Amino acid sequence: MSNGTWMIGHPDLNLLIGLAMGLNLLALGSSRLPSMIRSMSVQGMLLGLMPLLLEAGNLDWRIFLVALATIVGKGFVIPGLLRRAMRAANIERDIQPFLGYVPSLLLGAAGTIAAVALARALPLLPEHSGSLLVPGAIASVLTGFILMIGRVRAISQVCGYLILENGIYLFGLLLIHSTPLLVESGILLDLTVGVFIIGLIVDRIQRAFDSLDTRKLNTLRE
Amino acid sequence: MHALIPMLGIVLRLAVWLLLAPLLPGIINKVKAWVAGRRGPPVFQLYYDLAKLWRKGVVMSSLASPGFIAGPAIAWVALIGAAMLMPLGPVGCAVSFPGDVLLLIYLLALARFCTVWAAMETGSAFEGMGAVREVSYAVLAEVAIIAAVLSLSVETGSVTLVTMLSPSLGAGAVLLAAGIFTVLLAENCRVPFDDPNTHLELTMIHEVMVLDHSGPPLAVVLHGASIKLLLFTVLLVQAVLPMREFTVLGAVGVLAAGVLVVTVSVGFIESLLARLAFRRVPLLLTTAILFCLFALLVAWKGGVE
């Protein structure tokens, strides 16, 4: 793998990352669970396209496999599992925010702006400094945090967790050459299995407690 | 003789603004009627309405002060003043000086203040409610428009409208277009924020404020509203399209086409969307602020790359 063909400041790549950042804000502002899942899955597909753009010079089967696995996994399988869990557990589609939509949107936007503004101050390699990869990753991680803290329902917290993972994936793109395929596929498999199990658990919780409100799950019951 | 030519230009420009503005609501209504499969009112309906209202008498509460009449009048003059500051592509603007964009924002605020003042003059709790709604949305819309202006001025390094409105195309322009379009809908009381057709008492915003006006004052209010719509449309088109790159005739054509496109899309949005619940409106306006803020970010960081 030659390091001479780094195309990391690619404008198309930055456009994709910018769209992913916009989808973060869409997830923060959406008041319905299906639209939140949709924005998460579109973000996953965009993330899957990125390795192809990043390595437009030297495409090999490894990159293709990573891209395909990401698009299928994050764009279709995981959202499908979440939707199935939603149907199975008869979850109401309205998201109940613990932190209102406007405050969480403003927090997310402030995080995004800070991430873009401060990324220059980080000790990055010169070939990474022009791209939005690092700001996008920080912004997605922050969005994931806000969603996990600020939402009441278990399923929307799972969405937050997945967006956080998308941010970590963006960080991982910086190291795409040095990460073995096994690690990539392991992460993706972990994630899928995790969401699968959550889907099952959510159903059980719903039956046992009649609610998926995490505030109620905190108090002990006989 | 030489002094006469600029005067003539200003008079001509004034005539264009005054005469063309009522066309826009007509086009919007025509598009709405077309989407709904109706024939709809003629495009010139607002002209007929204005002519009819102008000939009518005024009914005035005995409790209202002269502010009831002065409010709409001052608002109308302020909007005309704002229109005079707005450059029209290659023709430039009637009056231009460094920082005139601030005057534009303040003139729009003055117009709103005067409408609200006149609404409060009636002493009706109902109109007060409309005034409260108008002002509380305007607070958010104004932040968005200031952020949009800031992003334009950061991009071009100028605070004069003529030089500011020559942006570059790209991600920033798209964000700015989305933000200003949302502000346009909010400021002109268009559908996702307010339905200009319903007269359901509890959901009106702008219409409530002018319920007690009649005759010429109402005509002035309606005409002022159409000028404001044209003003925002022109601002949107020029903030997004690089007008400098066309020839003089081409720029006029592009400007006219842009205004038409924006107007028609307002009509489509009005016929395809439903009015938002009041508690959702701040979210949409916050989104508009964020669009403009991100355009500012793009301008500040010198494009995305």
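Is C93(B) buried or exposed? I began with this residue, working in a predicted model, and found that C93(B) is buried, with a relative accessible area of 14%; I count it so because buried means under 20% relative accessible area.

**Cysteines**

I then turned to C189(B), which takes part in no disulfide, since I found the nearest cysteine sulfur, that of C114(B), 16 Å away. A disulfide is a covalent bond between the sulfur atoms of two cysteines, and the rule I applied asks for a pair of cysteine sulfur atoms within 2.5 Å. Over all chains, the count by this rule comes to zero disulfides.

C189(B) is itself buried, and I noted a relative accessible area of 7% for it. I located C189(B) in the loop of chain B between α8 (171–187) and α9 (206–209). For the backbone of C189(B) I noted a phi near 55°, which is a positive value in a residue other than glycine.

**The loop between α8 and α9 of chain B**

I stayed in this loop to look up D194(B), which lies between α8 and α9 of chain B. What is the relative accessibility of D194(B)? I read 0% for D194(B), so it counts as buried.

Setting aside neighbours within four places in sequence, I listed the residues in contact with D194(B): they are C189(B), T203(B), M204(B), I205(B), H206(B), E207(B) and R275(B).

**T233(B)**

My next entry concerns T233(B), which I placed in helix α10 of chain B, a helix that covers residues 215–240. T233(B) counts as buried, with a relative accessibility of 2%. Which residues does T233(B) touch, not counting those up to four places away in sequence? I recorded L24(B), L184(B), V259(B), V262(B) and T263(B) as the residues that T233(B) touches under that condition.

**Chain B as a whole**

Taken along the principal axes, the C-alpha atoms of chain B fill a box of roughly 60 × 55 × 40 Å.

I found that 50% of the 305 residues of chain B count as buried. Of the contacts in chain B with a separation of 6 or more, 80% are accounted for by residues 24 or more positions apart. Chain B exposes about 14000 Å², and carbon and sulfur atoms supply 74% of that area. I also compared the charges of chain B, where the mean positions of the 17 positive and 16 negative ones are 7 Å apart.

**Chain A**

How many helices and strands does chain A have? I counted eight helices and zero strands in chain A, and read along the sequence they give the pattern α-α-α-α-α-α-α-α. The radius of gyration of chain A is 18 Å, close to the 17 Å that the globule rule gives for 222 residues, so I noted chain A as being as compact as a globular protein of that length. The C-alpha trace of chain A spans about 60 × 35 × 25 Å along its principal axes.

Buried residues make up 50% of the 222 residues in chain A. Where contacts in chain A join residues at least 6 apart in sequence, I found that 78% of them are between residues at least 24 apart. The accessible surface of chain A comes to about 10600 Å², and 69% of it belongs to carbon and sulfur atoms. The 16 positive and 13 negative charges of chain A have mean positions 9 Å apart.

**F145(A)**

My last entry is for F145(A), which I placed in helix α5 (residues 133–150) of chain A. At 41% relative accessibility, F145(A) counts as partly exposed. I finally took its separation from I163(A), and noted that F145(A) and I163(A) are 18 residues apart in sequence and 8.8 Å apart in space, C-alpha to C-alpha.

Key: Residues numbered from 1 in each chain as written. Chains lettered and ligands numbered in written order. Predicted model: local features only at pLDDT ≥ 70, side-chain atom pairs only at ≥ 80, totals over all residues. Heavy atoms only, no water. Helix = DSSP H or I, 4+ residues; strand = E, 2+ residues; numbered from the N terminus. Rg over C-alpha atoms; globule rule 2.2 N^0.38 Å. Buried < 20%, exposed > 50% of the residue type's maximum accessible area, 1.4 Å probe, protein only. Contact = heavy atoms within 4.5 Å. Areas by Shrake-Rupley, 256 points an atom, 1.4 Å probe, with all protein chains shown as cover. Lys, Arg positive; Asp, Glu negative; His and termini not counted. Charge placed at Lys NZ, Arg CZ, Asp CG, Glu CD.
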